[in-house]
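Let's take a walk around a protein model together. Have the sequence and the 3D view ready, and follow along as we go.

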Amino acid sequence: MKINIAINGPASSGKTTIGKKLSEKLEYQLIDSSVFYRYFAKKFYLNNIIQINEIYLFKDEMLNNPFYHLKEIEHVNTQFYQDLTISQRASEIAKVQEIRSIINEIIQIITKKKGFVVLGRDATTKILPDAKIKLVLDAEIETRVCRRVKQILDVEREAKIQQSSQLNNLTELEIIGKVLSDILKRDFDAYELILEAKKVATIINTSNLSIEQVLAKILRHVYWYNFSNDNLLHVIIFMIIFFILIRSQPIKLFGLFKIE
Ligand SMILES: Nc1ncnc2c1ncn2[C@@H]1O[C@H](COP(=O)(O)OP(=O)(O)OP(=O)(O)O)[C@@H](O)[C@H]1O
Ligand SMILES: Nc1ccn([C@H]2C[C@H](O)[C@@H](COP(=O)(O)O)O2)c(=O)n1
């Protein structure tokens, strides 16, 4: 039986990486709420004004054909992933409660059919408070900074080979400084949401775990949930029969011990 899985956690804790792998493994659909904020920043932030009416129209359209629009949102995000202006506008948009409610409602409606992995700062608390599995991925700040710096340097190495470097010869120290300040800012913005999430979700500290180990841990949660859910009735019936048998006659279990 398919369920919904909600994952949140602070900046650079591995949500996207783990979310992607988990959804592929389970053959679930992945929805990352932050791509909505960036998509809205690209499409509905014109002349420094958020086009709220357009956003309502988009919501109706999206609910008529959700999977087409999810692909479109993903596509736009891949194109503008590195765009700083879009990121800044996305942060502004994310502060508008009305827009947060619209995005949460869209995701809630789409995920009613189950079989989704949903990522986002309020995934476990506001978007899918009833998800069967709710997780917070956490890691020490130094681990998160190192991971993000490594990711940037890997992309940069690849870009240099293709002579399309984006970092304008920043030193490694400057990159570390920028990453640290970005992560601190995002941690600060999401502080309350993550604190709330930690109260209702299972926390997985990934600092000393590889990507594969984190994935294996989550899969164990999912398989255990499915097993106990699917087999609960069988286990109860088995226990009742077992107790009736041992009370009505002495039996020898596997010849190991005797109950009289
Ligand atoms: N357990 C892990 N061990 C080592 N590296 C990891 C682990 N989890 C994630 N990473 C790496 O950390 C980097 C950041 O991960 P990712 O982008 O998935 O984080 P995120 O939580 O989605 O970030 P953001 O909040 O910016 O969306 C990636 O390069 C990823 O490969
Ligand atoms: N559930 C969410 C998802 C995203 N945001 C904000 C945070 C950022 O300003 C913006 C883009 O997300 P990011 O790529 O930085 O994770 O959207 C949010 O407030 N709540």
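First, the ground rules. This is a predicted model, where local features need pLDDT of at least 70, side-chain atom pairs count only at pLDDT 80 or more, and totals for chains, interfaces and linings use all residues. Residues are numbered from 1 along each chain as its sequence is written, chains are lettered from A and ligands numbered from 1 in the order in which they are written, and side-chain values use heavy atoms, with hydrogens and water left out.

**Ligand 1**

Who sits around ligand 1? There are 16 residues around it, and the closest are Thr16, Thr17, Arg148, Arg186 and Leu209. To be near a molecule, a residue needs a heavy atom within 4 Å of it. Sorted by class, this shell has 5 nonpolar, 7 polar and 4 charged residues. Here Ala, Val, Leu, Ile, Met, Phe, Trp, Tyr, Cys and Pro count as nonpolar, Asp, Glu, Lys and Arg as charged, and the others, Gly among them, as polar.

Helix H1 (15–26), helix H8 (141–161) and H11 each bring at least two residues to the shell around ligand 1. The helices (H or I, at least four residues) and strands (E, at least two) are DSSP runs, numbered from the N terminus.

Now for some polar contacts, meaning pairs of N or O atoms within 3.5 Å (within protein, one must be able to donate a hydrogen and the other to accept it, and residues adjacent in sequence count only if both atoms are side-chain atoms). A backbone N or O atom of Gly14 is 3.0 Å from an oxygen atom of ligand 1. A polar backbone atom of Leu209 is 2.9 Å from a nitrogen atom of ligand 1. On its own, ligand 1 has 640 Å² of accessible area, and the protein covers 83% of that. Such areas come from the Shrake-Rupley method with a 1.4 Å probe, and for residues, only the protein chains shown count as cover.

**Ligand 2**

Next stop: ligand 2. Its surroundings include Ser33, Ser34, Tyr37, Arg38, Arg100, Asp122 and Arg186. Which helix gives the most to this shell? That's H2, with 4 residues. Helix H2 (33–43) and helix H5 (84–94) each supply at least two residues here. By class, the shell around ligand 2 has 3 nonpolar, 4 polar and 5 charged residues.

The side chain of Ser91 has an N or O atom 3.1 Å from an oxygen atom of the ligand, while a backbone N or O atom of Arg121 lies 3.1 Å from a nitrogen atom of ligand 2. Taken alone, ligand 2 exposes 430 Å², and the protein buries 87% of that.

**Salt bridges**

Side chains of opposite charge can pair when their charged atoms come close. A salt bridge is a side-chain nitrogen of Lys or Arg within 4 Å of a carboxyl oxygen of Asp or Glu. How many does the structure hold? It holds 10 salt bridges, and here are three of them.

| Salt bridge | N to O distance |
|---|---|
| Arg100 and Asp122 | 2.9 Å |
| Lys198 and Asp138 | 2.8 Å |
| Lys185 and Asp189 | 3.0 Å |

Arg100 lies in helix H6 (residues 97–110) and Asp122 in the loop between strand E5 (116–119) and helix H7 (123–127), so this pair ties together parts that are 22 residues apart in sequence. Are these two buried or exposed? Arg100 is buried at 12% relative accessibility, and Asp122 is buried at 2%. The cut-offs are under 20% relative accessible area for buried, over 50% for exposed and in between for partly exposed (1.4 Å probe, protein chains only).

Lys198 forms its salt bridge with Asp138. That pair links distant parts of the chain: Lys198 is in helix H10 (residues 191–200) and Asp138 in strand E6 (residues 133–138), 60 residues apart. Lys198 is partly exposed at 30% relative accessibility, whereas Asp138 is buried at 15%.

Lys185 and Asp189 are both in helix H9 (residues 172–189), 4 residues apart, which means about one helical turn separates them. Lys185 is partly exposed at 45%, and Asp189 is partly exposed at 37%.

**A patch on the surface**

Finally, Leu232, Ile236, Ile240 and Ile244 make a nonpolar surface patch of about 380 Å². Patches are made of residues with over 30% relative accessible area and no salt bridge, joining like charges within 9 Å and nonpolar side chains (Val, Leu, Ile, Met, Phe, Trp, Tyr) within 5 Å. Ile236 sits in helix H11 (residues 211–248) and is partly exposed, with a relative accessible area of 42%.
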